[in-house]
Amino acid sequence: MARIRLPRLCARLDPLSAARVEMVEQAERGRVLVVAGTHGNERNAPWLLEAWRRHEPPLATAGLAVDLALGNPAAYAANRRYINRDLNRSFGADRLAGPERDCPELEQARALLARHGPQAPQPCQVVFDLHSTTAAMGNCLVVYGRRPADLALAAALQGRLGLPIYLHEADAAQTGYLVERWPCGLVVEVGPVPQGVIAASIARQTAIALEEGFACLAAARDGRLRLPPRLVVHRHLGSLDLPRDGAGEPLACLHPARQHRDWRPLRAGDPLFLTPEGATLPYRPPAGHDDKPVWPVFINEAAYGEKGIALSLCEREVWPLLPGWAEALAAVAAALEPA
Ligand SMILES: [Zn+2]
């Protein structure tokens with residue numbers, strides 16, 4: 001709020017700056033963007049999106065102006081994750097600004113930003129990107145990096161709904177996420193559900209997280225958001241692939257004791273993989289990490305096979321909330337328009 005009041009004061013002293021103030025205020029106004037179907041074979045959020053467009057049922061936006069967008073319409077029509085490349089790895093600033101023009105996902109990333117981005121004629125300042133997973137992640141949030149406004153919003157949602165948070169960072173092989181191109185944004189990830197399948201419980205959990213997210217933003221805008229004292233994050237350490245032979249064929253599958261055990265600690269010696277002969281291959285931590293458990297996520301996610309990821313490993317950390325986080329979220333939320 002302070003950054004808006006200050007130019008207003010200047011405007012009184014200098015009438016020439018009034019137009020400039022108006023431009024600043026206009027640029028800072030914004031809506032909330034909801035993207036569904038960033039991956040075309042994740043059907044629950046797009047199904048909800050169509051219902052919300054018909055107001056059957058109406059989406060409870062806590063009075064905020066909201067834009068609804070289907071992330072990857074071509075992939076959705078084909079019931080495929082993507083056509084040429086993963087849309088949710090296509091938002092790297094360099095690639096967006098580059099000359100490549102024949103990739104449908106890159107063109108779609110540019111179109112989403114042109115229509116709903118922070119510099120669009122009707123700009124959005126916050127984005128919720130709705131996904132589902134074949135892994136038993138439950139209802140959770142994915143945060144990319146450590147932007148203070150994202151962390152505050154995630155903390156608020158965790159405080160209200162108890163959602164676990166996967167903090168994805170420091171993975172050079174995985175970049176260019178959609179939410180990173182908006183000033184504030186979270187991924188809502190719900191599972192397990194097979195690709196291409198709509199399930200009532202998955203859709204319900206998606207809607208609950210989203211509507212609570214709107215409520216948090218509205219509270220932040222109105223100065224009445226209460227944040228919990230701590231944030232529990234599962235910080236990405238790295239990923240493991242299945243053991244494979246020289247031709248790339250898997251020599252083992254996930255151990256049944258590990259399947260559907262996302263967010264549960266994994267310790268040295270715990271069963272991890274199982275060979276066709278029935279031999280158990282235990283988890284062997286990297287040197288120096290023997291006595292520390294890791295927390296696996298996205299266990300056996302169907303879409304990650306092509307990325308060589310059988311599961312990702314996290315460290316569980318409890319962070320005190322920093323005062324700057326709430327301020328950063330309040331600054332973004334201050335710009336949000338009423339419906
Ligand atoms: Zn997805």
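**Strands, helices and loops, step by step**

Trainee: Over how many bridges do β1 and β2 pair?
Mentor: This is a predicted model. In β2, Leu-68 is the bridge partner of Val-34. β1 and β2 run in the parallel sense, and their bridges number 5.

Trainee: Which residue in β3 is the bridge partner of Leu-33?
Mentor: β1 is also joined to β3, in parallel, by 6 bridges. Look in β3 for the partner of Leu-33: it is Val-127.

Trainee: How many of the residues of β1 are buried?
Mentor: In a regular strand the side chains alternate between the two faces of the sheet. Take the faces of β1 in turn. Arg-31, Leu-33 and Val-35 are buried on one side, and Val-32, Val-34 and Ala-36 are buried on the other. β1 is therefore largely enclosed by the rest of the structure, with a buried count of 6 of the 6.

Trainee: How far apart are the end C-alpha atoms of helix α6?
Mentor: Start with what to expect. α6 (residues 104-116) has 13 residues, so at 1.5 Å a residue it should span 18 Å. The distance between its end C-alpha atoms agrees: 18 Å.

Trainee: What arc do the buried residues of α6 cover around the axis?
Mentor: The buried residues of α6 are Glu-105, Leu-106, Gln-108, Ala-109, Leu-112 and His-116. They sit on the same side of α6, because they cover an arc of only 160°.

Trainee: How many of the residues of α7 are buried?
Mentor: Helix α7 (residues 148-161) has 14 residues and reaches 20 Å from first C-alpha to last, close to the 20 Å expected. Its buried residues include Ala-149, Leu-153 and Leu-157. α7 is largely enclosed by the rest of the structure, because the buried count is 10 of the 14.

Trainee: Which elements do the buried residues of α7 pack against?
Mentor: Asp-150 and Gln-158 are among the buried residues of α7. The packing partners are β4 (138-144), β5 (165-168), β6 (184-191), α8 (200-221), β7 (230-240) and α9 (323-333).

Trainee: Is Leu-163 buried or exposed?
Mentor: α7 is followed by Gly-162, with a positive phi near 75°. Leu-163 is in the loop between α7 and β5. Apart from neighbours within four places in sequence, the contacts of Leu-163 include Asn-139, Leu-157 and Ala-209. The cut-off is 20 or more C-beta neighbours, and Leu-163 has 22 inside 10 Å, so it counts as buried.

Trainee: Which peptide bond has an omega of about 0°?
Mentor: Most residues other than glycine have a negative phi, and most peptide bonds are trans. The bond from Gly-191 to Pro-192 is cis, with omega near 10°, and Pro-192 is in the loop between β6 and α8. Pro-57 lies in the loop between α3 (44-53) and β2. The cis bond with omega about 0° joins Glu-56 and Pro-57.

Trainee: Is Asn-79 buried or exposed?
Mentor: Asn-79 is not a glycine, but its phi is positive, near 50°. Its place is in the loop between α4 (73-78) and α5. Asn-79 has 12 C-beta neighbours inside 10 Å, so it counts as exposed.

Trainee: What is the phi of His-260?
Mentor: His-260 is in the loop between β8 and β9. With 15 other C-beta atoms within 10 Å, His-260 is partly exposed. It is not a glycine, yet its phi is positive, about 65°.

Trainee: How many residues of domain 2 are in contact with domain 1?
Mentor: The domain assignment gives domain 1 (2-71 + 95-229 + 322-333) and domain 2 (242-319). Their centres are 31 Å apart, over C-alpha atoms. On the domain 1 side, the residues that touch domain 2 are 6 nonpolar, 4 polar and no charged. Those 10 residues of domain 1 meet residues of domain 2 numbering 11.

Note on methods: Residues numbered from 1 in each chain as written. Predicted model: local features only at pLDDT ≥ 70, side-chain atom pairs only at ≥ 80, totals over all residues. Domains from an automatic or database assignment. Contact = placed C-beta atoms within 7 Å. Nonpolar A, V, L, I, M, F, W, Y, C, P; charged D, E, K, R; others polar. Helix = DSSP H or I, 4+ residues; strand = E, 2+ residues; numbered from the N terminus. Expected span 1.5 Å × (residues − 1). Arc of directions from axis to C-beta. Pairing = 2+ DSSP bridges.
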